[in-house]
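Keep the structure open and follow along.

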Amino acid sequence: MKKTLIALAVVFLVVIALQAVFFYGRVPFDIPGMERSVAAVSYSSGNEIYIGQGSEPFQVRGVLMDSCLPGYYSNDFAVEEEEYFSWMEQIAEMGANTISVYSMMDPDFYSALYRYNTDSETPLYLIQGVTVPDYNLNNSKDAWEGFYDKLLSDARDTVDAVNGNLIMSLGRVQSGGNYIFDVSEWTIAYLLGTEWVSYTLAY
């Protein structure tokens, strides 16, 4: 009887934890081995970007990538890992060295980037965007309540995803899944927001 109660208690806790992940989009407990330090891989001086401890300026030759295919919305995340990987091979072949994305991509993207960079002599660097959904950008709430909190939350999730330290449920305007591939060593910049309007910046 005692073993049955313990087993039922464990099952109950697992169900509650999974519901918390589903509703809140984050792991409600620490997973051993997922605690990692975050360090910058690049730095800027004046108008130049440098990688690591390099003394030669890094010239960004970039391609903007999205998760969109004909007949799909970008937040359908219809592109799969093999297609991302194929695009990365083509991007490198045309002489680019950097991929820029508007927002947090689905886990397949980071998996493909990790696989490409660990297999290739010349990596593709990442400029990672952090966007705020249109609703939060344009609703009637106070900017600190409806906008700032969402920007901060999305920025944290994005950094966690880039560092392979995030489990997230699928949302209406965001990807979801297990972000377990750490691509932070190739992430040279974060871009906060897209198409900012002047009154938002002023506020």
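Lys-150 and Asp-154 form a salt bridge, with their closest N and O atoms 3.2 Å apart. The model is a predicted one, and the distances and areas here are computed from it. Both residues belong to helix H5, where they sit 4 residues apart, about one turn of the helix. An α-helix has 3.6 residues a turn, so residues three or four places apart point the same way.

Are the two partners buried or exposed? Lys-150 has 22% relative accessibility and so counts as partly exposed. Asp-154, at 11%, is buried. The cut-off that separates them is 20%: buried means under that value.

Salt bridges that share partners also join Glu-81, Glu-82 and Arg-115 into one network. Take Glu-82 and Arg-115. Their side chains meet in a salt bridge with an N to O distance of 2.8 Å. Glu-82 is exposed, with a relative accessible area of 52%.

Now take Glu-81. Its side chain meets that of Arg-115 in a salt bridge of 3.2 Å, N to O. Glu-81 lies in helix H2 and Arg-115 in helix H3, so this pair ties together parts that are 34 residues apart in sequence. Arg-115 itself is partly exposed, with a relative accessible area of 25%. In total, the count comes to 3 salt bridges.

How far apart should its ends be? At 1.5 Å a residue, the 13 residues of H3 should span 18 Å, and the end C-alpha atoms are 18 Å apart, which agrees. Several H3 residues are buried: Pro-107, Phe-109, Tyr-110, Ser-111, Ala-112, Leu-113, Tyr-116 and Asn-117.

The largest nonpolar core has 33 residues. Those with the most contacts inside this core are Met-65, Tyr-84, Met-88, Ile-99, Phe-109, Tyr-110 and Leu-113. Which elements supply at least two residues each? Helices H2 (81-93), H3 (107-119) and H5 (143-162) do, and so do strands S3 (62-65), S4 (98-101), S5 (125-130) and S6 (166-168). H3 gives the most, with 5 residues.

Leu-113 shows how these pieces meet. Leaving aside neighbours within four places in sequence, Leu-113 is in contact with Met-88, Ile-99, Leu-124, Leu-126 and Val-183.

Thr-98 lies in strand S4. At 1% relative accessibility, Thr-98 counts as buried. What does Thr-98 touch, beyond its neighbours within four places in sequence? The contacts are Phe-58, Val-60, Arg-61, Gly-62, Val-63, Leu-124, Tyr-125, Ile-127 and Ile-188.

Next comes Tyr-102, in the loop between S4 and H3. Tyr-102 has 43% relative accessibility and so counts as partly exposed.

**A nonpolar patch on the surface**

Move to the start of the chain. Met-1, Leu-5 and Leu-8 form a nonpolar patch on the surface. Together they have about 380 Å² of accessible area. Leu-5 is placed in helix H1, which covers residues 2-24. At 51% relative accessibility, Leu-5 counts as exposed, because the threshold for exposed is over 50%.

**The whole chain**

Read along the sequence, their pattern is α-β-β-β-α-β-α-β-α-α-β-β-β-α. The protein has 203 residues, and 35% of them count as buried.

How much of the contact pattern joins residues at least 24 apart? Among contacts between residues at least 6 apart in sequence, the share is 64%. The accessible surface comes to about 12,900 Å². Carbon and sulfur atoms account for 56% of this surface.

Note on methods:
Residues numbered from 1 in each chain as written. Predicted model: local features only at pLDDT ≥ 70, side-chain atom pairs only at ≥ 80, totals over all residues. Heavy atoms only, no water. Patch = residues over 30% accessible without salt bridge, like charges linked within 9 Å, V, L, I, M, F, W, Y side chains within 5 Å. Areas by Shrake-Rupley, 256 points an atom, 1.4 Å probe, with all protein chains shown as cover. Salt bridge = Lys/Arg side-chain N within 4 Å of Asp/Glu carboxyl O. Buried < 20%, exposed > 50% of the residue type's maximum accessible area, 1.4 Å probe, protein only. Core = buried A, V, L, I, M, F, W, Y, C linked by side-chain atoms within 4.5 Å. Contact = heavy atoms within 4.5 Å. Expected span 1.5 Å × (residues − 1).
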